[in-house]
Amino acid sequence: MIRNQEGLVLLLDVSPPMHNFLPEVEKLCFMLLQKKLIYNKKDLVGIVLFGTKVTENELTKKVGGYKHVLVSRDIKVVDGDLVEAVRELPRGTFAGDFLDAIVVGMDMLIKKFLLTKRGKIKKRLCLITSALCPTKGPYKGAKEDEIGTIAEQMTAHGMRLECIVARGRLSGNMNMRIMEENDLLLKLFSKKTIAKTVYVESPTSLLGALRTRNVAPVTIFRGDLELSPKMEIKVWVYKKSAEELPVLKLYSDEAPPTDKFATHEVRVNLQYKSVEDPSKVVPLTERIKGYSYGPQVVPISSAEWEAVKFEPEKGVKLLGFTDASNIMRHYYKKDVNIFIAEPGNTKAILAVSALARAMKEINKVAILRCVWRRKQRNVIIGILTPNVSEKDSVPDSFYFNVLPYAEDVQEFQFPSFSNLPLSWQPNEEQQEAADNLVQMLYLAPFGREEALLPDVTPNPVLERFYRYLELKSKKPYAAVPPVDKTLKTITEPDPKLLAQNKSIIDEFKRQFEFKQNPKLKKSTRDRQSGVKEEANIGESSDAGAINSVENTSIITTVKKIGDSTPIQDFEAMMSHRESPEWFGKAIKEMKNKIFDLVQNSNERDNHLKALDCLVAFRKGCILEQKPTEFNNFLLHIYKFCKYHNLNSFCESLSSKEIMLIPKTEVTDSEVTEDEARSFMVKKEPILE
C-alpha cells in the first residue's frame, strides 16, 4: 500500500439547473486530476454523473432504482485518459438525485477497496451539485432515516464526504421547498459523519471550493504548553497556512533515447580550487568559512561556530497576556500555525477550551516563547489568538503568529493628513466621492456572497502554471495560452461592475486632479562617471506647490539644485527616498539657492524666483513635518533683508502672504496662528 494514497469518486450533477456551472465544473475537475498527476499519481479516481438520460451502474442491475445515474469512469489510477474524460461533460436532461449518486459512489468505494484489501486507504466522495432537484424517498421510513443509514456506512468504511453546492443567483422559478429540504439533508450529513458542505455563487469560488491537492497534515511540535512550572497542557501544533509553489527540477537530455529507465536526473558537485594553483582542489578539511567585518574577513572554524551557537531548550512557554488591540496586524510574520489539544486527551481538550473562551471573553491574547525542536538555532516569540469553534463537534483551538524582534521591524515615517492645513484636506464633495467609490468596490455587498474569500479563491499564478504544464506535456513547443476568463476575475477588476458605476468613477476623477509620477532613473553617464547632471522634467508646474510632475519620459536623478529650474530640482531631490540624507541635502541646497537669489534681489527675475523658491520650500517642510527648518530660515532671511535695506523683498513676503508655519498646519511647530500672522511684514515709510 502506498502511503497517503487516496481513492476518490467525483459525483457530478449534470442536470439542467447545473448547465450554467458545468464549464467551471469541467475546469475544476480537470485541475484536480492535473495536480494528482503531478503530486499523487498513484491515487485512484472514479467519475459518476447524475441527471443523465442514460442509466448505467451496478446497483440498478442488481436491486433496481438509481435511475439517471451513470458511472462514467470506474475507479482506477489517474492517467491522461481520465483527465481528458472531464474536458467535456454531457449536459443532462433529467433531474439529478444526489442521494442516489452518493449511494452509488459509496458502493463503488466499498467494493473496490474491500476486494483488494486496502481498508487503510483514504476514501473520499466529492459531490458537486445545485441541490435544486427533488430527491426520492426510501421504500420504508423517512429521508432523514436514510441519511442516518448512509452516514453509518460511510463512517464504518472510513469515508469522507465533500459537498459543493453551486447555485449562483436564484431566480423566481426556483422551488424553495425542495431547495430548503435538500439543504437540510446535506446538513444532516455534517452532523452524522465526516462531511463538509460549501455553498458557492460564482465560478471563481467554485474553482477554489474543492481541495485539489491532498496534503497530509504533519505536526511541527508535540508536547507541553507550559503555563507555569506546575501547569502544562498537552498540545499538537500544525501549519495552518503555507505558500504553495511548484517545484521545478533540473532535467538532463544526455541519456540515450532508447533507455526507458533513464531518470534524466541532474547532479551538481561543487569543487573548491586554490587561487594560487587553479588545478589543485581544496579538500573539505582545509576549508574554513569567513565572515565580513568592516574591510576584513574574519575566519571562523566549524568548532568555533558550534561553540558560539545558541541552542535553546525545546518547549513552548507562556510569557504573559496582553490586550488584543496591542498587537497590530502588520506585526505578523511568516505562516500561521494552529494549536490544538492532544487528540483523545479529554483533560487537555477541556483546558484548551476553557483558556480560549476566557481569553475571547476579555479580548486578550497570549505571548509565547517557542522552540519547536532540539538544536533549533533561534527562539520564536509569537502571539496566541483564541479560535472558539461554532460547532459542538469541533473543539476550540488557537492560532499562532510569529512576532518580529526589534531588528525585524522597519519604521517608515509618513506625515498624517490631520497635520496638514485645511486647504490640503479633502472637502465634503471629495470625501463623498471617495466614499461612493469604496462602497462600489465593496467585496461583500448585502445579500450576496463575498467575493475573493481566501478559503475558495485559487492562486491564479499556480492554476495558469498547471494548465500550461499539461499543455506542454502534449505539445513541447506549444505557445503560452491567454489567461483564462475565470482567472482574470481574480487579477483584474470586473468590467461589468466598472461599466455599471461609470458615473461614480467619473465623479471621483472630477473631484481630484490626477497627474502621473515621473520615473526616476540614473543615467548611464551618472553610473559610470558620477557626473552630476540636472534633470529635465518637462514644463514647470505652479511654483507655489510641490506637485507630481506630469511627464512620461525617464529622467535622471537630481543631485544638486541648478539655476535654471531650482523648484523642479528641489521636488526631485525631495522625492528621492533611498536614504534620509537626501532630505537634509535638499533642504541645505534650497536654503543656499534662496539666499543667493535674495542677495541679488535687485534684479527683478532673481527677486521673483527667490519668492517662488521660498513658497516651494515652505510647502516641502510642511509635507515632511519639518516646521522648524522653515521658520528659522524665514526669520534669518527677514533679519538679513532688514539689515541690508532690502525692503522691496520684505514687502513681497507680505504680498505673497508668506508666513511662519503655525501649529494649525504642523502640530510639531512651536508657533501659534497669531504669532505666524503677526510676522507678516508691513510696508514701512522710506526715510530720506
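Select Phe-512 to begin: in this predicted model the residue is partly exposed, with a relative accessible area of 27%.

Next, keep to aromatic side chains, of which the structure holds 13 pairs. Select Tyr-291 and Trp-305, where the ring centres are 5.7 Å apart and the planes stand at 25°, so this pair is stacked, since planes under 30 degrees apart fall into that class. Colouring by secondary structure will show Tyr-291 in strand S9 (residues 289–293) and Trp-305 in helix H8 (residues 302–308), so that the pair ties together parts lying 14 residues apart in sequence. Tyr-291 is partly exposed at a relative accessible area of 35%, and Trp-305, with 33% relative accessibility, is also counted as partly exposed. For a further aromatic stop, select Phe-221, Phe-339, Trp-372 and Phe-400, which form one cluster.

Now move to the helices and display H1 (residues 22–39) together with H11 (residues 460–474), whose axes come within 10 Å and cross at roughly 75°. H1 is therefore roughly perpendicular to H11, a description that covers angles from 65 to 115 degrees. To see the contact itself, show the side chains of Lys-27, Phe-30, Met-31, Gln-34, Lys-35, Ile-38 and Tyr-39 on H1, and those of Glu-463, Tyr-466, Arg-467, Leu-469 and Glu-470 on H11. By type, the residues of this contact divide into 6 nonpolar, 1 polar and 5 charged.

The last stop is a sheet. Select its 6 strands, which form an open arrangement in the order S3-S2-S1-S4-S5-S6 with mixed pairing. Strand S3 (69–77) and strand S6 (195–200) stand at the edges, and because each has a single partner strand, one side of each is left without a neighbour in the sheet. On average, and with direction ignored, neighbouring strands here are turned by 10° against each other. Within the sheet, zoom in on strand S1 (residues 6–13) and strand S4 (residues 122–129), which run parallel and are joined by 7 bridges; in one of them, Leu-10 has Cys-126 of S4 as its bridge partner.

Terms used. Residues are numbered from 1 along each chain as its sequence is written. This is a predicted model: local features need pLDDT of at least 70, side-chain atom pairs count only at pLDDT 80 or more; totals for chains, interfaces and linings use all residues. Side-chain values use heavy atoms; hydrogens and water are left out. Two strands pair if DSSP finds at least two bridges between them. Helices (H or I, at least four residues) and strands (E, at least two) are DSSP runs, numbered from the N terminus. Axes are lines fitted to C-alpha atoms, for helices over the stretch in contact, and angles run from 0 to 180 degrees between N-to-C directions. Angles under 35 degrees count as roughly parallel, over 145 as roughly antiparallel, 65 to 115 as roughly perpendicular and the rest as oblique. Contact means heavy atoms within 4.5 Å. Ala, Val, Leu, Ile, Met, Phe, Trp, Tyr, Cys and Pro count as nonpolar, Asp, Glu, Lys and Arg as charged, and the others, Gly among them, as polar. Rings of Phe, Tyr and Trp (its six-membered ring) pair if their centres lie within 6.5 Å; planes under 30 degrees apart count as stacked, over 60 as edge-to-face and the rest as tilted. Buried means under 20% relative accessible area, exposed over 50%, partly exposed in between (1.4 Å probe, protein chains only).
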